[in-house]
Amino acid sequence: MKKEAKSKKKSRARLLHQYYSYTGFYKFVAKSVKKAIIPIILFIAAIFALDYFVLDLDKLLVTVTETYSPIGILSVFFASESLLGIIPPELFIAWAGKSEFPIFYLSLLAAASYLGGIVSYWIGVGITKIPAVHKQIETNMAKHIKNTRKWGGFLIIVGALLPIPFAMTSIAAGIIRFPFMSYLMYGLLRFVRFYAYALVIFEMV
């Protein structure tokens with residue numbers, strides 16, 4: 001019985017592997033990683049360049065933490081994460097690193113990103129109820145929606161972990177009515193991304 005169960009698991013895993021290979025999922029992830037590496041390298045280079053040639057980055061971040069309230073900064077970030085990820089999260093992670101309680105504020109940023117994704121998901125659901133807007137969004141996000149239909153949860157995992165705008169993935173998930181509870185579970189990997197990035201960014205700032 002145990003051997004049969006193991007063979008079934010193996011065959012299912014093999015079928016999934018074949019499906020993702022055939023539909024180009026692995027190529028998509030590889031391309032996404034390559035695209036993600038360039039912005040990360042540019043961001044790191046920009047931080048070093050600013051810190052060395054233009055201004056003292058430490059002082060700037062300290063000034064921001066002393067001038068603006070954490071609630072205001074977190075609110076701006078939440079709005080950004082709910083609307084297509086306009087501002088790079090790395091800037092806010094750097095801010096958290098210079099705050100009085102880095103891990104606490106980093107956790108709040110991760111939670112804001114996660115909740116922003118949920119808002120985006122329901123924006124996607126709402127879009128489907130407005131025919132004209134739905135048609136326009138499906139045209140503009142055709143490729144992303146197509147990929148979400150093909151790969152579902154795995155694409156949400158990629159969106160949560162990689163520097164792909166998580167809001168876009170969430171909106172697409174809402175448009176295709178991806179199961180909400182599954183979305184919530186996969187979206188938790190957003191926390192992993194923030195803590196992983198913080199390991200590097202906190203050392204830099």
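**View 1**
Y26 lies in helix α2. Helices (H or I, at least four residues) and strands (E, at least two) are DSSP runs, numbered from the N terminus. This is a predicted model: local features need pLDDT of at least 70, side-chain atom pairs count only at pLDDT 80 or more, and totals for chains, interfaces and linings use all residues. Residues are numbered from 1 along each chain as its sequence is written, and side-chain values use heavy atoms, without hydrogens and water. Y26 has a relative accessibility of 39%, so it counts as partly exposed. (Buried means under 20% relative accessible area, exposed over 50%, partly exposed in between, with a 1.4 Å probe and protein chains only.) Which residues does Y26 contact, leaving aside its neighbours within four places in sequence? They are H17, Y20 and S21. (Contact means heavy atoms within 4.5 Å.)

**View 1. The whole chain.**
The chain has twelve helices and zero strands. Read along the sequence, its pattern is α-α-α-α-α-α-α-α-α-α-α-α. Of the 205 residues in the chain, 37% are buried. Now take the contacts with a separation of 6 or more: 77% of them join residues 24 or more positions apart. The accessible surface comes to about 12,300 Å². Carbon and sulfur atoms hold 70% of that surface. (Areas come from the Shrake-Rupley method with a 1.4 Å probe; for residues, only the protein chains shown count as cover.)

K27, K31, K34 and K143 form a positive surface patch. (Patch residues have over 30% relative accessible area and no salt bridge; like charges are joined within 9 Å, with the charge of Lys placed at NZ.) Which helix gives the largest share of the positive patch? Helix α2, residues 25–54, gives three residues. K34 is in this helix, α2. Its relative accessible area is 60%, so K34 is exposed.

R190 belongs to helix α12 (residues 189–204) and E81 to helix α4 (residues 70–82), so the pair ties together parts 109 residues apart in sequence.

E90 forms a salt bridge with R193. The closest N and O atoms of this pair are 3.0 Å apart. E90 lies in helix α5 (residues 89–97) and R193 in helix α12, so the bridge ties together parts 103 residues apart in sequence. Both E90 and R193 are buried. Helix α5 itself is mostly covered, with seven of its nine residues buried. The buried residues are P89, E90, F92, I93, A94, W95 and A96.

**View 2. S82 in helix α4.**
S82 is in helix α4. Its relative accessible area is 6%, so S82 is buried. Which residues touch S82, leaving aside its neighbours within four places in sequence? The contacts are G116, V119, S120 and I123.

**View 3. S170 and the enclosed helix α10.**
S170 is found in helix α10. S170 has 0% relative accessibility and counts as buried. Not counting residues up to four places away in sequence, S170 touches G117, S120, Y121 and Y183. Why is α10 described as largely enclosed by the rest of the structure? Because nine of its ten residues are buried. Those residues are F166, A167, T169, S170, I171, A172, A173, G174 and I175.

R177 takes a positive phi of about 55°, although R177 is not a glycine. Most residues other than glycine have a negative phi. Where does R177 lie? R177 is in the loop between α10 (166–175) and α11 (180–187). With a relative accessible area of 47%, R177 is partly exposed.

Notes: Patch = residues over 30% accessible without salt bridge, like charges linked within 9 Å, V, L, I, M, F, W, Y side chains within 5 Å. Salt bridge = Lys/Arg side-chain N within 4 Å of Asp/Glu carboxyl O. Lys, Arg positive; Asp, Glu negative; His and termini not counted. Charge placed at Lys NZ, Arg CZ, Asp CG, Glu CD.
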